[in-house]
Amino acid sequence: MSWKQKRQRGEEIGEERVNELTLKLSKLGRIEDIIKAASDRSYQERLFKEFGL
């Protein structure tokens with residue numbers, strides 16, 4: 001696998017992770033958390049940990 005392919009796969013995994021977090025928060029009605037996570041990377045990381053992502 002080339003460096004470009006590895007990078008692309010890493011980006012895909014990251015997108016999947018963010019999408020999964022967004023869906024989980026949405027199902028729980030935590031819309032404010034979605035908005036905050038989109039603009040605050042450290043908050044997003046805390047939410048990843050909270051949901052085991």
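Buried means under 20% relative accessible area, exposed means over 50%, and partly exposed is in between, with a 1.4 Å probe and protein chains only. At 25% relative accessibility, Glu-45 therefore counts as partly exposed.

This is a predicted model, where local features need pLDDT of at least 70, side-chain atom pairs count only at pLDDT 80 or more, and totals for chains, interfaces and linings use all residues. Residues are numbered from 1 along each chain as its sequence is written, and side-chain values use heavy atoms, with hydrogens and water left out.

Which salt bridges does Glu-45 form? A salt bridge is a side-chain nitrogen of Lys or Arg within 4 Å of a carboxyl oxygen of Asp or Glu. Glu-45 forms one with Arg-17, the closest N and O atoms being 3.7 Å apart. Arg-17 lies in helix H1 and Glu-45 in helix H3, so the pair ties together parts 28 residues apart in sequence. Helices are DSSP runs (H or I, at least four residues), numbered from the N terminus. Glu-45 also meets Arg-41 in a salt bridge at 3.3 Å, N to O. Both of these lie in helix H3, four residues apart, about one turn of the helix. Arg-41 is exposed, at 55% relative accessible area, whereas Arg-17 is partly exposed at 29%.

Next, a neighbour in the sequence. Gln-44 is in helix H3, residues 41-50, and is buried at 9%. Leaving out residues up to four places away in sequence, Gln-44 touches Val-18, Leu-21 and Ala-37, where contact means heavy atoms within 4.5 Å.

Methods: Helix = DSSP H or I, 4+ residues; strand = E, 2+ residues; numbered from the N terminus.
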